[in-house]
Amino acid sequence: MTGLPGPPDDRRVKEPRWEPGDEVVLRYITRLDAAPGMTWPARVVRDDDLLALYVPRGTTAMAWHQPPGEGRRLVEREWRRDMLRLMFPGEAHSVWCFWEGDERRFTSYYVNLEEPFRRTAIGFDTNDHALDIVVTPDLAWAWKDMEEFEGLVTHGVYSPEFGEAVRAEAERVIRDIEARRAPFGAGWDAWTPPPEWGPPRLHPRWREEPAVPWDRRAWAYRDAR
Ligand SMILES: [Mg+2]
């Protein structure tokens, strides 16, 4: 626990927070069976009204791999770009900032529609909602994977109500981009990690630590077991 402000009674109801530099695990919890899927180790930049997680390039993450004729499995994969992941408690999207190369050139923001994050003993759980928005440094935006998202709604994997909710969330973010509201154009592109931070390592219990499923998964996902 950090020294949170407020009287002791107030402190008791607050959730435990992570400290800057702490190593945590960010997991996607699968739609079908609520198990850990894609997973990244990350360093906590801040954890208050905003959660900011840093995944530098060279980090070893777990990603899906499906050899022909076989089932998919999680394999180690090297992360290629510096990524700062800005996450908002209770909100169904995150905003990623990307830098490339040794000179750390800021290349884009990326809006990822996803489950509101939950806390675990080792970090945070969420899951992807297919739809994304790519945003240039000067805040021009474009949809990404709209077709894939619409297919999930059309084929009844996503309930129609949930599909509408994802779309509405995306449109709220687009209004923020167009109005140049934070976090867009708010200086995150100039953020740099403390030089003493080494690459985060995957927690040994990344797979065993029980998942904290989204409480609306039965409403959202028609194929959730
Ligand atoms: Mg996505």
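Here is a short walk through this structure, which is a predicted model.

Let's start in the middle. The largest nonpolar core has 41 residues, and Val24, Leu26, Ala42 and Leu53 are the ones that touch the most other members. Strand β3, residues 51-55, supplies five residues, the largest share of this core. Now zoom in on Leu53. Setting aside its neighbours within four places in sequence, Leu53 is in contact with a whole list of residues, including Val24, Leu26 and Ala42. Arg85 and Met87 are on that list of contacts too.

Next, find Pro200, sitting in the loop between α3 (160-178) and α4 (217-220). Is Pro200 buried or exposed? It has 24 C-beta neighbours inside 10 Å, and a residue needs 20 or more to be called buried, so Pro200 counts as buried. Who does Pro200 touch, if we skip residues up to four places away in sequence? The answer is Glu23, Pro41, Ala42, Arg43 and Thr59. Take Asp22 as well: 178 residues separate it from Pro200 along the chain, yet their C-alpha atoms are 8.9 Å apart.

Finally, head over to strand β11, residues 128-135. Six of its eight residues are buried, so the rest of the structure largely encloses this strand. Strand β8 (residues 105-114) runs antiparallel to β11, and five bridges join the two. Strand β12 (residues 141-144) is also antiparallel to β11, joined by four bridges. Asp132 in β11 is a handy landmark: it stands opposite Asn112 and also opposite Lys144 in β12. Between β11 and β12, the hairpin has five residues, and Leu139 takes a positive phi near 70 degrees there.

Technical notes
Residues are numbered from 1 along each chain as its sequence is written. This is a predicted model: local features need pLDDT of at least 70, side-chain atom pairs count only at pLDDT 80 or more; totals for chains, interfaces and linings use all residues. A nonpolar core is a set of buried Ala, Val, Leu, Ile, Met, Phe, Trp, Tyr and Cys residues joined through C-beta atoms within 7 Å. A residue is buried if 20 or more other C-beta atoms lie within 10 Å of its own, exposed if 12 or fewer, and partly exposed in between; C-beta atoms are placed from the backbone. Two residues are in contact if their C-beta atoms, placed from the backbone, lie within 7 Å. Two strands pair if DSSP finds at least two bridges between them.
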